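Thanks for coming. I will go through a few places in this structure, one after another. Please keep the sequence open beside it.

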Amino acid sequence: MSINKFATFSVAILASTYSVQAQDINQAKKAVDAEQFESAKSILKSIIKDKPSNGNAYFTLGTIYLNQNVQDSAKIFFEKGLSASDNGKLNNIGLGQIDLDKNDVSAAQAKFALATKDVKKKDIQEYIYIARAYMNADKPDYKNALTILNKAVAVNAQDAQLQLALGDAYYGDGKQNEAYVAYRSAFQADNSLLRAKMQLGVLLKGAKSYDEALKAYNEVIAINPNYGPVYRELAETYYKIARNKPSQAAANYKTAIGYYDKYMSLTDYSIHSRMRRADFLILVEDYVALEAEANKMSELDKVNPRIYRYLGYAAYKNGNVDVAIKSLENFINAPGNKPIALDYLYLGLTKIKKGTSADGTAIDPAAFQAGLVDVKKAIEMEPLAVQDLTEVGKKLFTQKLYNEAAAIFEFGANTKESASFLDDNVYYGLANYYANINKGKDVKVDTVALQKADAAFEKVLVASPTYLEAYLYRARTNRLLDKDDVMVKNYEDYVAKTTELGPDELAKPAVKTKIIECYNNMAASFANTDKPKAIEYFKKTLAIDPTNSYATESIKILK
C-alpha cells in the first residue's frame, strides 16, 4: 500500500467515523425531542466513551440532566465537556444556565460570551442554545431569548430549529400570533420536526380552543402515531377540558390518564418519567394512583427526596396524617430540594387535621397554630394558594369552629387576585360574627374580630353590591360593637335596596322577617334618644306584622 493510498484510506475512515458520530448525536437529539430521555442519555454516554473530544455530546447530556433538575450531574458533564476539542465551548452555555438558576445573570452572560467568541458568521446553533438557556432557567427570560434569537435570524432565518425556538420564545412572551407563524415556518422548513406542528395545538390549548387543539394533535398522530409527546399534550388538554366541564370531569380525567399512560409507554418508565406522571396524577387528583406510583418510585430509588413529596401528598389526601407529615418534612428538609407552596400548604393542613378530634368538632390549639405557620409560608411563596383553603375554611365553619375558620379565611379575604376573594370575605365576616354572638353576658366580645367582620362585609358590598345580606350582617356586627349610628345606616340601606327590588321581593316571608328585624332594632336604638322616631319604626313593624309582640309592648312602654 502506497503512502498516498494510506492517507486516502485514513481520510475515509475519519470521514466515516465523523459521520457515525454525527448520526449518533442526531439520534440522541431525536430521542430528546421524543422525550425518551433515558435512551438519549445512554446514546450520549456511549458517544463520550468512544469519542471524549465530542463537546456537543457532553453539552446535550448535561442539558438533559439540567432539565431533570439533577444539577450536580449536569455541572459535572458541562465542566468535563469544556476541555473537549470539538465544540467544547458549548458547555459554557450549560454552565451559564446554572448561573441563571442562581440569579447570577452577569456570570451567565460572561459564559455565553465565551461560547460565542470566534463563532463563524454562518453559525447559529450557539445563539439557539443560549436562547433556550434563558427560556429553560428557573425564572424564564423570554425577552432576552428573543433578542439572542434575532441575531440568528439575521444569519439564517429559514433554519427549522431557529424557528422552533422563536415559536417557544414568542409563546412564553405571550405573543400568540408570532408564535404561530414561527411554529408553522419551522414545520414548513423541516416536515420531520413534529414538535413544531404539535406546538400549533399547544397554542390552541392555551387559547382554550380545545376541540381545535385535539384536531391539531391528531394531525401529528396521523404522520407518526409513535411520537410520544403528542400524547402528553392530549392528556394535558383533556385535563383542561375536565376543569372547564366539571359535570364531565371524571370521564375526561380518565381519558387524560389513558393518554398519559400511552405517553409513558412510548418514552420510558425511568424514575424521572414516573415523577412526571406523578405530577400529572396530582393535577387530575388521583391520589390512590399517586400513592401506588410513589411506592413504585420508592422501590426504584429509595433515596430520591422528591419521592417524599408524592408520598406526602398522597398520604394527606388519603387521610394518613402521620405518613403525610413525616414525608413532607423529609422532603422540605432534604438538602438541595426546592420546596414549593403546595408542600408547605399540605404540611400545614395535615398538622391541623392531625390535631382535629375524630368527630371534627374540636381542634387542639397548639396543632392548629403549628399548621397555620406552614400555611402562611405557603401563601408567602404563592399568594394564590389561598384558593385551596376555601373548602377547608367552609368545613371548619360547618363544624361551628368559627375562630379557626376565620383564621383560614383571613388569607383569602386579603388576596384581591384570588378567584375566591368574594366567597372568602363573606365567610371571613360570618365566621368572626358567629364567633361572637354566643358569648355569655359576662364575656366581652372580641372587638378587633368584629371590626374585621365589618370590613369584610364592606369589601363584599364593593365587589358585589347586589349581595344585600351583607348590609344585614354589617348592621348585626355593628350592633355587637354598640355602634348604633352605623347599625341604623346599614339597616336603612338594606330596607332601601330591598324595596327597590319591588313588591314581589318584599312579599317573601323570609324578607319580611328581615325587614322586621331592621325596624325593631332601629326603633330600639332610638328608644332613649328619640321616642317619636322609635315609635315610628315600631309602627312600621306592625304594618307588616300586626301581631309582633315586641313592637306592641315597646310602644306601650314608650308612650
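In which helix does Gln 97 lie? Gln 97 is in α5, residues 91-101. Helices here are DSSP runs of H or I with at least four residues, strands are runs of E with at least two, and both are numbered from the N terminus.

Before going further, the basis. This is a predicted model, in which local features need pLDDT of at least 70 and side-chain atom pairs count only at pLDDT 80 or more, while totals for chains, interfaces and linings use all residues. Residues are numbered from 1 along each chain as its sequence is written, and side-chain values use heavy atoms, with hydrogens and water left out.

Back to Gln 97. Its relative accessibility is 6%, so Gln 97 counts as buried. Buried means under 20% relative accessible area, exposed means over 50%, and partly exposed is in between, with a 1.4 Å probe and protein chains only. Leaving out residues up to four places away in sequence, Gln 97 touches Leu 66, Asn 67, Phe 112, Ala 133, Asn 136 and Ala 137. Contact means heavy atoms within 4.5 Å.

Next, a loop. Gln 68 sits between α3 (55-67) and α4 (71-81). Is Gln 68 buried or exposed? Gln 68 is buried, at a relative accessible area of 11%. Its side chain makes a polar contact with the side chain of Lys 41, at 3.0 Å. A polar contact is a pair of N or O atoms within 3.5 Å; within protein, one must be able to donate a hydrogen and the other to accept it, and residues adjacent in sequence count only if both atoms are side-chain atoms. Apart from neighbours within four places in sequence, Gln 68 is in contact with Phe 37, Glu 38, Lys 41 and His 272.

Asn 69 lies in the loop between α3 and α4 as well. Asn 69 is exposed, with a relative accessible area of 61%. Its phi is positive, about 65 degrees, although Asn 69 is not a glycine. Lys 400 is another such case: its phi is near 65 degrees, positive in a residue other than glycine. Lys 400 lies in the loop between α21 (390-398) and α22 (402-413), and at 62% relative accessibility it counts as exposed.

Now the cavity. How many cavities of 30 Å³ or more does the structure hold? There is 1. A cavity is a set of points, on a 1 Å grid over the protein atoms alone, where a 1.4 Å probe fits but cannot get out; lining residues have an atom within 4 Å of a point. The largest cavity holds about 40 Å³ of space, where grid points are joined across faces, edges and corners and the volume is the space filled by probe spheres set on the points. Its lining includes Gln 68, together with Phe 37, Glu 38 and His 272. The elements giving two or more residues to that lining are α2 (37-50) and α15 (271-283). Of the elements, α15 gives the most, with 3 residues.

In α10, the buried residues are Ala 179, Ala 182, Tyr 183, Ala 186 and Phe 187. Why do they line one face? Seen down the axis of α10, they fall within an arc of 130 degrees, so they line one face of the helix. The arc is that of the directions from the helix axis to the C-beta atoms. An α-helix has 3.6 residues a turn, so residues three or four places apart point the same way. The face of α10 turned away from the buried side carries the exposed residues Asn 177 and Gln 188. The cover over the buried residues of α10 includes α9 (160-172), α11 (194-206) and α12 (210-223).

Buried in α16 are Tyr 287, Ala 289, Leu 290, Glu 293, Ala 294 and Met 297. Down the axis of α16 these fall within an arc of 140 degrees, so they line one face of the helix. They pack against α15, α17 (306-317) and α19 (341-354). On the other side of α16, Val 288 and Glu 299 are exposed.

Definitions and conventions
On a 1 Å grid over the protein atoms alone, a cavity is a set of points where a 1.4 Å probe fits but cannot get out, and a pocket is an open set with protein on both sides within 12 Å along at least five of seven lines; lining residues have an atom within 4 Å of a point.
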